[in-house]
Structure formats: structure tokens, C-alpha cells
Amino acid sequence: MNQFKNRSKHIVLLLPLAMVIAGTLGWLLLYGLLPSLYFRWYPLIPAYFISLGLLVVTAMNYYSKSKPSIGLMIYLFLRVVKMILTAGFVYLYYLIVGRNMTATLVTTSIFYLLFLFVETSIFFRLGKTPGTDAPSN
């Protein structure tokens with residue numbers, strides 16, 4: 001996590017930026033190429049994941065500075081919280097809107113998986129410290 005502190009200023013917007021790019025590409029795909037699958041509430045999904053990305057980066061940045069020894073535990077805890085929040089987000093959408101549930105579930109699942117992939121690769125690269133290998137016995 002020490003490297004996270006050093007690079008966090010440059011990386012802090014990478015996860016939300018990836019979600020903005022994915023949201024724009026998704027909108028172009030749905031609205032332009034597959035208009036039958038586009039739904040009016042689509043922009044909520046990228047906005048949700050952008051907000052979630054900012055919260056994750058903020059939490060990881062805070063804990064890497066204040067308590068670096070529990071960084072992995074916090075990261076895993078945030079994954080569980082994201083899963084619960086995302087399920088709640090979809091359920092809330094179902095209660096309020098209740099239409100286009102197939103498109104909503106597929107789109108949210110794609111964003112969730114993309115979010116996990118980008119987040120994992122970012123934090124994996126930040127967690128690696130060049131030149132430090134595990135000691136061999």
C-alpha cells in the first residue's frame with residue numbers, strides 16, 4: 001500500500017475515468033446501434049459506478065495513509081459492500097421504474113464486471129513494489 005500513497009494523486013481519477021469511458025461507449029452502443037435495448041434510465045448506471053469508484057479510491061487512499069496494515073482487509077470489505085449496494089441499486093430500480101429489467105440487469109452486470117476488472121488491475125499494479133520479491137526459504 002506504500003506505493004498507493006506515492007501514486008494516488010495520479011491514479012485517483014483512473015477508475016472513475018474508466019467508468020466515464022465505458023458509460024459513453026455503452027451509450028453509443030445502446031442508443032446508436034441497438035436502440036431497442038436502450039432505456040431512459042441508462043445514465044444512472046454509469047453515474048452510480050462513477051460515484052462508487054470515487055468512494056472506493058477515497059477509502060483506499062484514506063486507509064493506506066492512516067492504517068496501511070489493514071489495506072487488504074478494507075479492499076475485500078469494499079468488494080462485499082459494492083456487491084450489496086449494487087444489488088440494492090438494481091432492486092430500487094425495479095421498485096421505482098420496473099421496466100426494461102433484462103436490459104438493466106445485463107447492463108449493470110457488464111458495468112459491475114468491468115468495474116471489478118479495472119479496479120483489481122489498478123490496485124494490483126499499485127500494490128506491487130518494483131524490486132521487492134518475496135523472500136525464498
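In the predicted model, threonine 108 is in contact with Ile45, Phe49, Thr86 and Val90 when residues up to four places away in sequence are not counted. Threonine 108 is located in helix H5. Its relative accessibility is 3%, and threonine 108 is therefore classed as buried, the limit for that class being under 20%. The side chain of threonine 108 also reaches the backbone oxygen of threonine 104, at 2.8 Å.

Threonine 104 likewise belongs to helix H5. With a relative accessibility of 2%, threonine 104 counts as buried. A polar contact of 3.5 Å links the side chain of threonine 104 to the side chain of tyrosine 93. Apart from neighbours within four places in sequence, the contacts of threonine 104 are Phe39, Ile45, Tyr93 and Arg99.

Once neighbours within four places in sequence are set aside, phenylalanine 49 is in contact with Met19, Thr86, Thr108, Phe111, Tyr112 and Phe115.

A nonpolar patch is found on the surface, formed by Leu14, Leu17, Val20, Ile21, Leu25, Trp27, Leu28 and Tyr31. Together these residues present about 740 Å² of accessible area. Valine 20, a member of the patch, lies in helix H2, which spans residues 14-33. The relative accessibility of valine 20 is 38%, so valine 20 is assigned to the partly exposed class, between the 20% and 50% limits.

At the level of the whole chain, five helices and zero strands are present, and the order along the sequence is α-α-α-α-α. Of the 137 residues, 36% count as buried. The accessible surface of the chain amounts to about 8900 Å², with 71% of this area belonging to carbon and sulfur atoms. Among contacts between residues at least 6 apart in sequence, 77% connect residues at least 24 apart.

Key: Residues are numbered from 1 along each chain as its sequence is written. This is a predicted model: local features need pLDDT of at least 70, side-chain atom pairs count only at pLDDT 80 or more; totals for chains, interfaces and linings use all residues. Side-chain values use heavy atoms; hydrogens and water are left out. Patches are made of residues with over 30% relative accessible area and no salt bridge: like charges are joined within 9 Å, nonpolar side chains (Val, Leu, Ile, Met, Phe, Trp, Tyr) within 5 Å. Accessible areas come from the Shrake-Rupley method with a 1.4 Å probe; for residues, only the protein chains shown count as cover. A salt bridge is a side-chain nitrogen of Lys or Arg within 4 Å of a carboxyl oxygen of Asp or Glu. Helices (H or I, at least four residues) and strands (E, at least two) are DSSP runs, numbered from the N terminus. Buried means under 20% relative accessible area, exposed over 50%, partly exposed in between (1.4 Å probe, protein chains only). Contact means heavy atoms within 4.5 Å. A polar contact is a pair of N or O atoms within 3.5 Å; within protein, one must be able to donate a hydrogen and the other to accept it, and residues adjacent in sequence count only if both atoms are side-chain atoms.
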